[in-house]
Amino acid sequence: MQRFFLATNDVESTSIRFNKQRKLTAEKVMREGMPALLALYREFGIKATFFYTGEIAEQYPDLVRQAMQEGHEIACHGYSHEDRFAFDQLGYNDQVNQLRKAKKILEDITGEEVISFRAPALRVNEFTAKALETVGFQIDSSISSQRADNFLSFGALKKMNRLWAPRLPYYTAKNNLAHKGNSSILEIPISALLVPYIGTVMRIAPSLTMTLAKVLHKEAVLTGKPINFLIHPNECINEEDEDIMERRSANFIQYLLAEKIRHGLKQKNLGSIALQLYRQHLEFFHKQGYAFCTLKQYKQEISK
């Protein structure tokens with residue numbers, strides 16, 4: 001049985017250090033973070049999926065072209081990563097408008113159809129599957145099945161049902177991306193087993209994340225479940241400016257958990273160290289004989 005590793009990357013202007021959207025961060029991602037990540041993928045012969053916000057693609061189209069020119073899949077990460085545009089707070093019509101706007105920006109740059117989507121901060125609601133269908137998306141990767149650390153993230157309460165989401169890829173319900181159903185949207189969950197398999201956790205707890213990778217590998221051997229790893233190019237840069245953190249939440253508990261504690265942890269092992277840690281994971285799965293492919297390619301493979 002062929003096993004698959006899906007390297008997925010969320011491209012946005014979020015500064016991990018400053019905890020907000022930042023033009024200087026986007027420029028540094030374009031000059032440093034993205035080239036370093038692309039070079040790593042080139043070394044292993046990996047084709048990856050890059051989820052861009054429409055906003056960063058509109059402002060820095062060369063950031064999209066960098067990945068496109070190397071044969072990577074260009075995918076959508078909504079229009080903006082600002083909290084007020086979070087999909088779990090938007091109705092159906094607003095989601096459709098945001099999706100259409102972002103999809104058009106990306107397709108105008110690439111000249112190719114964009115079919116894959118991941119919600120900013122993985123925040124979705126009962127309208128998202130229908131909105132994705134309406135706009136012409138075919139794949140979603142916003143659900144992280146059996147991820148238990150959602151209480152540390154924004155939109156935590158609405159993410160709790162993902163503890164019961166299917167682990168293998170599935171077609172979603174029309175009103176819930178975390179449930180199986182008869183929509184045309186293929187959900188390819190981000191890998192997790194209580195702890196998510198993502199760049200943030202890799203940087204915070206390298207040994208734990210490598211152990212998780214080995215457990216997920218054993219699961220893949222038994223079930224054929226693909227490995228879906230999430231990382232950001234902004235994890236591959238260092239911002240040495242003075243750290244100024246602005247409070248985003250009026251709720252004290254959410255401010256304490258999602259901003260103070262989570263923000264402090266997320267700043268660990270950025271830049272070249274993150275790339276070195278990621279290299280270890282790619283080497284592990286390469287040695288295990290995994291096929292590295294995009295979400296679009298994976299959908300084509302399982303449809304054969």
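In this predicted model, helix α3 (residues 61-68) packs against α4 at an angle of about 60°, and the two axes are 10 Å apart. Axes are lines fitted to C-alpha atoms, for helices over the stretch in contact, and angles run from 0 to 180 degrees between N-to-C directions. Helices (H or I, at least four residues) and strands (E, at least two) are DSSP runs, numbered from the N terminus. α3 and α4 are therefore oblique to each other; angles under 35 degrees count as roughly parallel, over 145 as roughly antiparallel, 65 to 115 as roughly perpendicular and the rest as oblique. The crossing of α3 and α4 is right-handed, meaning that the near helix is turned clockwise from the far one by less than a right angle. Pro-61, Val-64, Arg-65 and Met-68 of α3 meet Leu-106, Ile-109 and Thr-110 of α4, where contact means heavy atoms within 4.5 Å. By class, this contact of α3 with α4 has five nonpolar, one polar and one charged residues (Ala, Val, Leu, Ile, Met, Phe, Trp, Tyr, Cys and Pro count as nonpolar, Asp, Glu, Lys and Arg as charged, and the others, Gly among them, as polar).

Residues are numbered from 1 along each chain as its sequence is written, and side-chain values use heavy atoms, with hydrogens and water left out. Because the model is predicted, local features need pLDDT of at least 70 and side-chain atom pairs count only at pLDDT 80 or more, while totals for chains, interfaces and linings use all residues.

Helix α4 (residues 92-110) also packs with helix α5 (residues 128-135), at an angle of about 45° and with axes 9 Å apart. α4 and α5 are therefore oblique to each other, and their crossing is right-handed. On the α4 side the contact is made by Tyr-92, Gln-95, Val-96, Leu-99, Arg-100 and Lys-103, and on the α5 side by Thr-128, Lys-130, Ala-131, Leu-132, Thr-134 and Val-135. Six nonpolar, three polar and three charged residues make up the contact of α4 with α5.

Helix α1 (residues 23-44) and helix α10 (residues 272-287) pack at an angle of about 20°, with their axes 11 Å apart. This angle makes α1 roughly parallel to α10. The crossing of α1 and α10 is right-handed. Residues in the contact include Leu-37, Leu-40 and Phe-44 of α1 and Leu-275, Tyr-278 and Leu-282 of α10. By class, the contact of α1 with α10 has eight nonpolar, one polar and three charged residues.
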